[in-house]
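I opened my notebook for a friendly look around a structure that is new to me. Here is what I looked up, entry by entry.

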Amino acid sequence: MLYEKRGLQYPFGLEWSPPEAVPHEVSDGVFWLRMPLPFQLDHINLWLLRDGEHWVIVDTGLYGDACEQAWEQVFSSLMRPEQVSRILVTHHHPDHMGLASWLQEKCACQVHISRPEFDFYYHLRTRDLDAYAVRAGQSMREAGVDEKTSLGYIRAFGKVNKAKTLSADDCEFLGDGAELEIGGRHWRAVSGSGHSPYHLCWYCEELKLFIGGDQALPRISSNVSVFVDSPDSNPLKSWLASCEKLQREIAPDTLVLPAHQEPFVGIGTRMQHLIDGHAKQLDGLRKSLQEPKTALQACDKMFRVKLDDVDRLLAMGETQSHINYLQALGEVKDTLGEDGMRRYKLVTV
Ligand SMILES: [Zn+2]
């Protein structure tokens, strides 16, 4: 039976996933490895590709005991660490890259990642935290966030875990269009941006498989946010362009292997859901900015549900990405008030 929802087909069903740390073969030599996450989103999907006597790992899991133990279980069943010949990391987020240095040491092999993702990872782990706190405090004051909430956020997001920082010498940097031969088949890197600086997905036309990372999730939308480190960036523009690129480049009958939730067929449809969803949010924002608003006020209008402080600030980063998008189109102007808050308003002609 083929499960279908909102135009996407789920060949393995919507309810089923393999038990944690028990690899499940989804296609010839391609295994689905589910690992636990201690968040509301409670799992991540990693992918293991058989390459003759060797193995290629795609993404690594979150730093900490739970994912390390899961890996130990894999290394005592399907493969041994010395058989791992490459580690591919889609992007720098901690659930994807958290165990990269641990695995790299254990397997003694290179990590393949794009240079911008590595640079951002390195920046986050080595930046001057005092300077970051000043920058973050200033931008949150402008956005209308009170001092106490802002300090809590800076504490939560400035923290760096105890994992060893991966060195550039242990990496091989790849970009869009890079090809790897794995298990006698060609896998091609397809880049995307907006959720992170230069995310690499992996596409095998022959097997009709697409390892989508966080660029192609079936039911949740990836976070597309403006962060303190790059307040004037326009990630939503990059994100929408990436969605259109995947619609053009990935064949419609491809099985998408996402980093969260279940494998699905229907990438073009899914990308259209996302494009339409953002268009709707932009329309809502245009209406709300007919009156001047801070980023926080615009956020509370955009996300009507009550969020805790950290989620509210993440939502504010997402709202800011929509504001920056409209600003780049010349539709919104901002002014910095005497109270130190920046307010945005729709340009009326
Ligand atoms: Zn991510």
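In which loop is A21 found? I found A21 in the loop between strand 2 (8-10) and strand 3 (24-27). I noted that helices (H or I, at least four residues) and strands (E, at least two) are DSSP runs, numbered from the N terminus.

Two reminders for myself. Residues are numbered from 1 along each chain as its sequence is written. This is a predicted model, where local features need pLDDT of at least 70 and side-chain atom pairs count only at pLDDT 80 or more, while totals for chains, interfaces and linings use all residues.

Back to A21: its phi is positive, about 70 degrees, although A21 is not a glycine. A21 counts as buried because it has 20 C-beta neighbours inside 10 Å. For the term, buried is 20 or more other C-beta atoms within 10 Å of a residue's own, exposed is 12 or fewer, and partly exposed is in between, with C-beta atoms placed from the backbone.

Next I checked D59, in the loop between strand 6 (54-58) and helix 1 (65-75). D59 is not a glycine, yet has a positive phi of about 70 degrees. I also saw that D59 is buried, with 26 other C-beta atoms within 10 Å.

Then I turned to helix 7 (residues 235-249). Its buried residues are P235, L236, W239, S242, C243 and L246. They sit on the same side of helix 7 because they cover an arc of only 120 degrees around the axis, the arc being that of the directions from the helix axis to the C-beta atoms. On the other side of helix 7, I found A241 and R248 exposed.
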